[in-house]
Amino acid sequence: MHFDFVTLRAFLMVADAENLRAASEQLNLSISAVSRRISDLEAGLGQQLFVRHSRGLEITEAGRLLMARARDTFRTLRAIEDDMQRLATGARGKVAICANGSALVNGLAQHIQSFLARTDDIDIDLLELLTPEILDQVQRGIADIGFVSNTLRIPEGLRTLPYVSDRLVLVVPKAHPLEIKGSVSLEDFLDWQMIGVQNASSLTRLVRKVAGAASPRFAYSYMASTNEVARTMVANGLGIAILPEMFVAPYLSLLPISMVPISGDWAARDISIVLRDDAVLSGAPEAFLDWLKRHSSLDAKVK
C-alpha cells in the first residue's frame, strides 16, 4: 500500500491523545476527515488499529506495532532532512584538495588538522602534487581547491586568493665557502654544482628562468625526486641546492648542512589558493574556505 505521511502523523496524534479531536486541531482537519483517514489506513492494512467505545479510543496490538514503526519512520525522515541541511551548509560532505609541498609545510597541514578537529562529518581528500598538476586538477574540476606557488602563469578560467608566503634559501654542506656569507646572490653560486628538484616543479622552473637569464651556461648537475632527497644529497657533499626555507630549517641540527639567505625578490614566493572561475563553492568546500579566512591571515589579505 501507499503510505500517506499526513495520515501516519494523524494516526500517531490520535494514538497519543486517544481521541480524534487533538489530531483534528493540530492538523487543521475536521474530526470526520481524521476519522476517515484512520478508517482508510485500517482498510489498507487489513488491521483494526483502535477499539472505539464510549470513553474514546483504545489502541490495539496492531496499532501499537504501527505506532512504533511510524515513529521510526519520522525519525528517519528528520535525520534525512538534517543530513541534507548539513550538507547544504557545509556541516558534512567532502573537500577535494590538491596542494604542493610548500603550502603543506607553511601552514596548510596544520590548518587542515584544526579544521577536521572541529567536525566529524567532513572528509578531506588531500593530494600532494606539483603546481602544474594542481592547476590541471582544479581546471578539470577534479579538485575543489588548489594551493600553488605563484611562479607559473595561472591559466584562463582559474582565479587565485593569497594564502601564505615562503622564502627560498641556498642549502650548502657544513664548512662550504658560501656558508659564511650573510646572504648570496645568483652570481655567487652559479658556478657551483647545483642540485635541482623534479624537472616539472615550479621551483626548478623558477631557478632555471632566473639563473638562465643571469648566465646562459647555467645547468643543474643533479636532479633529485624530492626536497628531502636534495637535502640529503647536500648533506653528503654532492652539491648545493635552492629549497624552500621550511624544508631546511627544521633539519639544521640533524644534518651537516647550513642555509644561506638569497638576495633578490625572486627568492620570496607567494603561495595562493586557486579556484575555478566559474565554480560556485557550496557545502563542505565553502565551509573549509570560510574557515581558512577566519583562522589564517587569508581574511586580511582578501580584504
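Biologist: How many cavities of 30 Å³ or more does the count give?

Modeller: This is a predicted model, in which local features need pLDDT of at least 70 and side-chain atom pairs count only at pLDDT 80 or more, while totals for chains, interfaces and linings use all residues. Residues are numbered from 1 along each chain as its sequence is written, and side-chain values use heavy atoms, with hydrogens and water left out. A cavity is a set of points, on a 1 Å grid over the protein atoms alone, where a 1.4 Å probe fits but cannot get out. Under this rule, the number of cavities of 30 Å³ or more is 1.

Biologist: Which helix and which strand each supply at least two residues of the lining of the largest cavity?

Modeller: Lining residues have an atom within 4 Å of a point, and here they are Ile195, Gly196, Val197, Leu203, Thr204, Val207, Tyr220 and Ile242. Helices (H or I, at least four residues) and strands (E, at least two) are DSSP runs, numbered from the N terminus. The elements that each supply at least two of the lining residues are helix H8 (202-214) and strand E7 (194-197).

Biologist: Is Leu135 buried or exposed?

Modeller: Leu135 belongs to helix H6 (residues 131-139), and, leaving aside residues up to four places away in sequence, it touches Val148, Arg153, Ile154, Pro155, Leu158 and Val274, where contact means heavy atoms within 4.5 Å. Buried means under 20% relative accessible area, exposed over 50%, and partly exposed in between, with a 1.4 Å probe and protein chains only. Because its relative accessibility is 5%, Leu135 counts as buried.

Biologist: Which residue in E11 stands opposite Leu158?

Modeller: Two strands pair if DSSP finds at least two bridges between them, and E6 pairs with strand E11 (residues 268-276) in the antiparallel sense over 9 bridges. E6 is also joined by 4 bridges to strand E9 (residues 240-244), running antiparallel, and by 5 bridges to strand E10 (residues 257-261), again antiparallel. In E11, the residue opposite Leu158 is Arg276.

Biologist: What is the value of phi at Ala175?

Modeller: Most residues other than glycine have a negative phi. Ala175 lies in the loop between strand E6 (158-173) and helix H7 (186-189), and it counts as exposed because its relative accessibility is 70%. Although Ala175 is not a glycine, its phi is positive, at about 70°.

How values were computed:
1 Å grid on protein atoms, 1.4 Å probe; cavity = no way out; pocket = protein on both sides within 12 Å on 5 of 7 lines; lining within 4 Å. Points joined across faces, edges and corners; volume = space filled by probe spheres on them.
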